[in-house]
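Hello,

Here is the structure I promised to pass on to you. Have a look at it first, and then read on for what turned up in it.

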Amino acid sequence: MFHFQHKRDNVYHEILLPEGADLKFKNSSVLWNAAEHAERRVDSQVAKEAVVALPDDKEIRLEDRIELSHRIAKEFFLSKGLAVQIDIHAPHDEDKNWHVHMLATTRRFSEDGKSLNAYKARDTDPTIRKGFVTEAELVGEKVRDIQNAYFKEKGLDLRVDPIGIVPQEHLGPVRMRHHMNDALKRSELIKETNEALAKDPAVILEALGKNKAVLSKQDIERFIFKHVPRADQAILLKGVLSDKNLITLYDSSTGEETGLYTLKETRTLEEKLLRFATSLHKQESVPLLDSVRNQVTEKYILSLEQQAAYDCVTQIPHNLSIIQGRAGVGKSYVLRPIREVHEASGYRVIGLAPTHKVAQDMLEDGFREATTCHAFLFASKNQRNTIDEKTLLIVDEAAMLSTELQIELFNGAKRAGSKVLLVGDSRQLSSIQKGGMFEVLVEKFCSVEITDVRRQEIDWQRAVSESLSRGEVKEAVHILNDHERIFFSGTKETSCAALINAWSKDHADDPHINKLILAQRNVDVDALNCAVRDIRRARGELGDHDYEIMTKRGPQRFAEGDRIQLTETDKTQNLFNGNFGAIKKITETACTILQDNGQEVTFNPETYIGLRHGYAGTIYKAQGSTLPNIYVLHDKATNLNNSYVSLTRQTKDLKVFISQTETPTLDHLIQQMGRDHGKEASLKYLTLEEVRERDKSLSLTQAIQEALKDIKTKVKDHFHRNEDFYKFERTQETKIHRVAPQDPLFPIEEKKFEEVSQLLERRLYGLFKEKHNRFPDGDEKKFLEKQASRTGEYLFHLKHYEHREPTLGDVKVLSTRVRFELGRSETIKAEMLENLDKKQDLVKEDYLRATLYAERLARIEGRMFEEEFRQNGDVKNPQKFMKPASVELQQYQQSQKHLADQLVQEKNLSPFVATRVANEIQRAHESLGKTPDDKTIEVYIKLGSYLEERQETLKQTYKDLTPYKAERSIEYIRRSEAEVWLKEVFYNKEEPNKVRVHEIQKDAESATKYALKEAQKGFCKDRGLEL
């Protein structure tokens, strides 16, 4: 059945077996015949399928791809007791798509290993909670980590690169095709778009230069190899390297080529920033009185370095000053006297920061005014904020500012004659956009460095901080190791577990001390937050009730006592991105949090999506923070800047947890932590023109030309305007508003009905197992299958009539409705048969009649149930639907003939076809409360014509029965065929062909026979009814 090994591009085929399985299953035919034999339903899933992208790099051999395939198979299948078939396919001539097909069994092996288990290994299916696949985000990450670990192990300078021109839906290199067709198709479209765009050198350079000022040839090659077919790569690489917008960079000391490049636009921006900074620095500031300076100084005890920083800013009359303060050196402390002396001298002092968190910290440190740089610039642009020569702008964490933002800030300051103080650390995290200019400005202008660490009072911790500030990673790592603060574990999972256990022990010893877990990736932060919260819930440290709140990362549960962080700013509710705190009180409509800054704020959780658990956070969010205890989950993709930030936040204790699969030894750790972050400015290097002119004396003519060029540049600088920057900021501002929780989509576009039904069935199985802690038995499985099928039917109806993709909320509502309907249908059927039994002798065909009637009435009640459920979130008295539903059905039955007569006249239909069409129109009303459109009625007419052709055949089939029994049987089989026929047309978008029609007829006959058998042996007999 599965023959990927026979495709012409197949270069490797193997069956991998878990420990204990009989070796006979190494044969494909034996394995898959056994898998098919184990299934009882014709539509059962025999295997799980995955397609994994493999590296195409020239350094990678077939043996490497085989080993990678083995490791991935072990991680996802073999370790869970499943057999897996792998088939590696080479790319065709026109592409570079090395990949491996993986087919895994859905069942484990028996204890003796000679057969497959009777029960499916459903615990290996994705975990579904509240309709979400909880570990879906981890799949791509795990595969990426496996490949990167292998590259590192083999000493290959390769990494799985996530960069793309068009933002890609997070699918990762594993293409889990079953139930993921939509995501796959969108990913393929994006891939095609990337490949099309990536054939333009200008587009490639724009994409690469968006976040980096300096590019290496390897950066360019990696991008091209990822997005461009192999046949085009060499020509395109040559085209990019020869593009007129790419500038080669040379060493500023030797004048030799560095192998690095920048873009003309980037170089132009950096040169403009340097000119603006120079102009600002040349402006003389309004002097401060010595008496005021001395008076303020007496209030503070400053170290020699801090005193030098204070003097630089308050004595030297320049409008641009810079303090470079390493992590934990007391930058905030020295800013206090600087701020006070300026305020005492009549200055207006404004604190500026790249993030709301740092701006809030500045307010807590005593600043009267503090805001983000973007908000300040936007307010100034719109005349809501005016500055002058008696204004001091203190910019904290200035190294995190992008080049473009600094240009706008310096331009505004030099026009107003305002004084600017930049405070930052080039060794910490820089701007997400291209930046790196802080280090250039430090070298160019008056700056003072503070290196004496004050945050860490313990000697060895201070030594670690100072070593990292000097870039001495090896020394810092050995200090950590000597003091037993590095904890190695075998895998990422065991490393996380060790971290959580350490946190749990420390929290039990002292629950009142703030602790923060730091990780580089959001997916790790989510997992760690969940693990810590589970511990606190088990210990009874959280409130009795959990409330599910929609967040940017999906629905999350919160309770009183939960530690949280804010990830969105909503000024209308006084919520600011980056703040941490704890939930003091929570209800459906109000959440009160006590923030770490002491402020208490109450907001509506239904209108804010920025809530997140605050036990763990990203390293980026932690910059500027100080906490007693820090726990770091090391990531092999780290660099010196990330490590410097994460290992210098604590005041009391620090622990680092490392996976040996990613970082086997201390030497690997040193190498990973010592990586350069690649965010430097291009002005650290020379261009070819600058190298040639550096030592060349200019003639008089050339000097005049250069002077004219300088004048032209100064004129341009004077009239500098960047409207696009403020358009972007305006978007940022309007984004901060009250928002309603978004219900995640449950997309069904382009899916077959069977796919949707199976997806819903898996979801219901997962929920059943979660609720009952066991698998459903035979009858329960049948009920869940019916529930899934009808829920899928209603989802397609919703898509058809409301022209929108269903959401997970729709799935919940419709699934609840269907459960109610199926239960009511059985009750109505039983009551009808009991009433018939009292009036006449029952025949088994009465069971068919009762089934159809009960289904119609239950659907009407279900529609009423759904309407109330959507409105109120619950239905307290469903019995109230019984009477109005019964009246409605009677009205439909009475009006059917009149509707059929109208169709005969208006559509020129035969009475038989018109009756069938009228029946379907009424059924649509019963289920949906909606009138079908003309296109739908045309489908009903085709169905009626088909059933008319079938009528004579059905009469012949049941000619030996009495008219009553024949009519009941034909009615039932006709209904069965009609339902499947309509599903094919409406949901699968295709009219059944002859072969499919034959299958539909056979299935309908089987369904009718089964129903009669059920009536004979089961339903009626159990109720003491005589047939």
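A charge counts as sitting over a ring when NZ of Lys or CZ of Arg is within 6 Å of the ring centre and within 35 degrees of the ring normal. By that rule, Lys-390 lies over the face of Tyr-347, 5.6 Å from the ring centre. Arg-916 also has its charged end over a ring, that of Phe-912, at 5.5 Å from the centre. Please keep in mind that this is a predicted model.

Now for the chain as a whole. It has 1027 residues, and 53% of them count as buried. You will find 34 helices and 28 strands in it. Among contacts with a separation of 6 or more, 72% are between residues 24 or more positions apart. The accessible surface is about 48,900 Å², and carbon and sulfur atoms hold 50% of that.

One is edge-to-face, because the rings of Trp-503 and Tyr-615 have planes at 80°, with centres 6.4 Å apart. This pair links distant parts of the chain, 112 residues apart: Trp-503 is in helix α18, while Tyr-615 is in the loop between β25 and β26. Both Trp-503 and Tyr-615 are buried.

Another pair is Phe-865 with Phe-869, whose planes are at 15° and centres 6.1 Å apart, so the two are stacked. Both belong to helix α29, four residues apart, which is about one turn of the helix. Phe-865 and Phe-869 are both buried, and together with Phe-820 they form one aromatic cluster.

Enjoy exploring!

Best wishes

Terms used: Residues numbered from 1 in each chain as written. Predicted model: local features only at pLDDT ≥ 70, side-chain atom pairs only at ≥ 80, totals over all residues. Heavy atoms only, no water. Helix = DSSP H or I, 4+ residues; strand = E, 2+ residues; numbered from the N terminus. Buried < 20%, exposed > 50% of the residue type's maximum accessible area, 1.4 Å probe, protein only. Contact = heavy atoms within 4.5 Å. Areas by Shrake-Rupley, 256 points an atom, 1.4 Å probe, with all protein chains shown as cover. Phe/Tyr/Trp six-rings, centres within 6.5 Å; stacked < 30°, edge-to-face > 60°.
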